Amino acid sequence: MELFFGAFTSEWVQRRAALLHELSLGGRRSTAEEELRRRMKALAELGAAGGGGGGGRAVPMTRHAASKSMHGTTAKASMAARPMQVRLAAVAQGSQPAVVKMASYGGGARVGAMLNYVSRGGELSVENENGERIRSREDLAGIRVDWDHLFQNRTESRDIGRFTVEITASAFASDDEMHELVRSSLTSGFGDRRFAYAVEKNDDDTMTVQGVVILRSGPGERLTGDQKAAGIIQARYDASAAASEAAAQFSFQAYGNGVEYGSSKLRDLVEKSRGGDVRDDRGQPVADDKAAGDLVQKEWRGDLHSRKSRDVMHLIMSARAGTDVAAFEGAVRDFLADQFAGHRYVFAMHDPANDPKEAREGGKRPHVHAHAIVTMKSESGGRIETTPAVFRQWRVTMAEKARDHGIAMEMTDRREFASPPAFTRNQVRPVNREGRTEHIGTSEAAQARYDAKRNGRRALAKSDRSREYTVKATQSWQKIAVGSGDRSIVAYAAQQRDQLISGLSAGEAEATSNIVHADFGSKFRANLVTLQNLVLEGDELRETSRTDFEAYEKTVETTLFKLERSVAPHDRIDFDEIATLAREHVNQRRELMQLHEQRNEAVAEQGNEDQRRDQRGEVNEQWEAAITKHGEAIVEAANDVLMEIDAAATMLADLEKSEPVHDPETGGYTYAISEKEREETEQLRAKIERQHDEAISRAARLAIERNTYIREVAEQDPELQGAVDQAEKHAQRPEEEKDKTPVNVDTVAEQQRDLRNEEAERQPNDTDAREAHELASTVDATNRLQDQANKDKEAAQRGGETTRTDTAQQHIPRLEELEREELEKRERDRDDRER
C-alpha cells in the first residue's frame, strides 16, 4: 500500500502515519525505515524551498551526526535562527522566551518512577511519539518493556555503604575518650574515606557502632559494600596498630547510589539514635536531619564520583501563565516530533486547571508546562548529545513551533539581557514546593549563584566570544530603540542597552584595575542603573502601608551610601545631583502615600457615617412599624420605661469594668482601690440596681394594663418576661370574684378600648405637648440621677476623699455622658420621625 504524505496537514501526523505503516509491514522494518527517512528528507527539502510547516531539521543531533561535522550542524542551526534584532524586537513587544530545560537523566530502572511522576500516578494521560494516548497503569507499565531494547542497563556505582562494627574494649574515663577510640578504629579500616557513626554501649564491655561510609577512597579504590568488602576492611584493621588496643569486627548491611541515598541513610541513623550522639569522621556532631543532609550534600558530594546510566532524559517545556493550553500542547507535540524523530518518547501537559496534584505538594503551578521522557538512544542506534549548541537549537525549534500555533515566543540568550547563569539541580536542594519551588544552595558558591538568578542580578559572561556577542546585542538594542515609534518599546530597549553597556564598562574596569570597589563591584555609571531600578520601584508603593514605604526609603538611602563609596572625584558633582533627585523622588512618593492615607481615612469615615445613617433609618422604620401595629400612645409610654431600663443596665455594665488586679507579691488578685472606695462603689451599684428593678416593675405594670408593645418586647427579654409573669400572678383576682365577672369577647374588647382611650387622654395630643412630655420625662430621670450623684459626692468630700482617687465618683461623669447621649438620641429619633 502506498502512502501519500502530502494528504496530512501537520508533520507529526505524517510521521505517525509513516510509523504505523512501518509497523504493519512486519519483517520489512529496515526497508520501511529507509523509505521513511527518504520521504521525510524530501519533505524537509520541500519545506525549506517554500513549502512551510516542518522546517529543515528532520533528525535530532545524534552522536553519528555529530561525528560527521559538528561545525556544519552548528552553522545550519545558526542559519535557521531568526536574526537577533528581529528576535529582540519581538521580545520588546511582549513575546515570551522559549524555555526547554533538562530536568534529569535516568537509567532504565527509573523509567517507571518518571512515568508515574509525569502522569501524576496515572491520573493524567500521556501521549507517545505515534500520537497514541496512554492512561491506564497497565499501559504505562508496558512502556518500560517496549523501550527495554534501547537501554544500556548499566549498573549504578556503589557510592554509600551501611556498616556495623562490634568493638570490645575496657571502660572509658569519658565519652570523648570513647569516641576517640571509635574514630581511630574506623579510620584504621576505612582509610581516608569519609564516614559518620553512632555508638551504642552494651552490658558486656562491648560497643555496637553503626554508620555510613563513602565507598570510594581518595586514590580511587571503590569498595563493593558487601561481605567481600568487609573482609578487605577487616584484614586492614587486623594489620593496623589499632587492633592491639581493641578488637573490632566489621560488616556491611547495604549499599546505594548518590547523594539521595546517603542523605536518607544518615537521617535514618540520626532518627534511630533519637537525638543521641552521632558524629562524623572529624568528630563533628550531626544533630538533626538538616545537619545530616548538609553533611552529605555539601561535604561528601565531591568524593562520591557517582555514576548512573543515562538511558532516558526528562525534558520540561514551559510557557507563561495565561498561554493557551491547546495551542501550547500542539507546539510541544510538533517540537518533539521534529527534534526526536526515531526516538521513543511520551509527554504530558500540566496546567492548573487539570493538575490533580495540590499546590502544597508542588502541583497546580500557575504556568502551563509539559513534561517529556525521551530515550537517549534512537531505533537506528544514534544517541542524543546534550551540548549548549543543542540546547540552543531546541529553543529555536520550540519558538518556531509556538509561533506556528499562534503563541508569541522567541529564542533568547542570557548574554542579550546580562542575565546570570542558571543553577543546576545538583547545586541546590528544594525546601518548599508550594507555588514556585524554593531552594537552598549546597555550598556557598551554589547559594550565591542561586540568589543571583532568583534576584535577577545582572551578570555578563567574561569570555572573549561572549563579550563579542554582547557587543552585537548592544548594537541591536540600540537599533530597536532608535527605529521604533512605540514609547514603551523604546524605553525597554534603552534599558537593556544601558545595562549591557554598564556591564561591559564594569568588565573593562575589572580587567585594567585592581581597585576593590563597594558591594556593587563596578564604577559609578554601572551603579546608576541599580539605583535607577530601585528608585523606580517607588512607583509601585502608591497604595502601600507606611511601614513598607519606610523600609523602601531606608533601602534607597543605603543604596546611595554604597554608591557614594564608589564615586570617583570627577563624578562627585554628578553624584550630588543624582542623590538630590533621588531623595526628591522619594519625598514625592511620601507625599503621595500620605494623600492616599488621608483619602482612605475619609472614605472610612464616610462609610461609618453611611452606616450610622442606615442604622438610624432602620430604627425609624422599626418605630413607624411599631406605631402602626400598637398605636403611638402605647409605643411612646413603653419606650420611656424601656429607655430607663437600658440606661440603668448600661451604667451597671460600666461599673463592672472595675476588675481586680493581679498582685505579684502574693500571687493572688486584689483591688486597686481602697476598701472605703469599694464600699461606696457597691452602694452606687445597689442604687442603680434598685432604679433598674423599679423600671422593670413599671414596665410589667404597663404590660398588665394591656400595653401590647411591652409584651412584644418581653418575648425577646427573659428578665422582662419574668417580671410580667410575676406581676400577673399578683394581679389575679380571687376565684369567687372571677366567677362573678362575666367574661366574653365583647367585654374584653370594650375594656381594651377604654384603656386605650384613657391612655390617649393621658398623653398630650399636639406635637408641642408630646415634646414637652418627653423632655419632662428625660429631665426628671436626669434630675434623679444627678441628685444621687451630688449626695455621693458630698459624702465623699466629708470623708476627705476626692473624685480623683474615688473610683465610684469616677463613674459619675460617665453616667452623665450616658444620659446626654440618651437624650440626644431621643431628640434625633423624634426629628427623624417628624421629617
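**The open sheet and its surroundings**

Reply: The model is predicted. Strand β5, residues 160-168, pairs with β8 in the antiparallel sense, and nine bridges join the two. One of the residues involved is Thr 164, whose bridge partner in β8 is Ser 251.

This pair belongs to an open sheet of five strands, in the order β8-β5-β7-β6-β9, with antiparallel pairing. β8 (247-256) and β9 (278-280) are the edge strands; each has a single partner strand, so one side of each is left without a neighbour in the sheet. From one strand to the next, the twist averages 20°.

What packs on the sheet? Helix α10, residues 289-304, does, and it touches β5, β6 (195-201), β7 (206-214) and β9. The direction of α10 makes about 65° with that of β7.

Next, a pair of helices. The axes of α7 (residues 175-190) and α8 (residues 227-238) come within 7 Å, crossing at roughly 115°. The crossing of α7 and α8 is right-handed. On the α7 side, the contact is made by Ser 185, Ser 188, Gly 189 and Phe 190. On the α8 side, Ile 233, Arg 236 and Tyr 237 take part. By type, the residues of this contact divide into three nonpolar, three polar and one charged.

Arg 120 lies in the loop between α5 (111-118) and β3 (126-128). Is Arg 120 buried or exposed? The relative accessibility of Arg 120 is 10%, and buried means under 20%, so Arg 120 counts as buried. The side chain of Arg 120 makes a polar contact with the side chain of Asp 355, at 2.8 Å. If neighbours within four places in sequence are left aside, Arg 120 is in contact with His 350, Asp 355, Pro 356, Lys 357, Gly 362 and Gly 363.

Finally, the chain as a whole. The protein chain has 26 helices and 17 strands. Of its 835 residues, 40% count as buried. Among contacts in the protein chain with a separation of 6 or more, 71% are between residues 24 or more positions apart. The contact between Arg 120 and Asp 355 is one that can be looked up in the structure, as is the bridge between Thr 164 and Ser 251.

Notes
Residues are numbered from 1 along each chain as its sequence is written. This is a predicted model: local features need pLDDT of at least 70, side-chain atom pairs count only at pLDDT 80 or more; totals for chains, interfaces and linings use all residues. Side-chain values use heavy atoms; hydrogens and water are left out. Two strands pair if DSSP finds at least two bridges between them. Helices (H or I, at least four residues) and strands (E, at least two) are DSSP runs, numbered from the N terminus. Axes are lines fitted to C-alpha atoms, for helices over the stretch in contact, and angles run from 0 to 180 degrees between N-to-C directions. Contact means heavy atoms within 4.5 Å. Buried means under 20% relative accessible area, exposed over 50%, partly exposed in between (1.4 Å probe, protein chains only). A polar contact is a pair of N or O atoms within 3.5 Å; within protein, one must be able to donate a hydrogen and the other to accept it, and residues adjacent in sequence count only if both atoms are side-chain atoms. A crossing is left-handed if the near helix is turned anticlockwise from the far one by less than a right angle, and right-handed if clockwise. Ala, Val, Leu, Ile, Met, Phe, Trp, Tyr, Cys and Pro count as nonpolar, Asp, Glu, Lys and Arg as charged, and the others, Gly among them, as polar.
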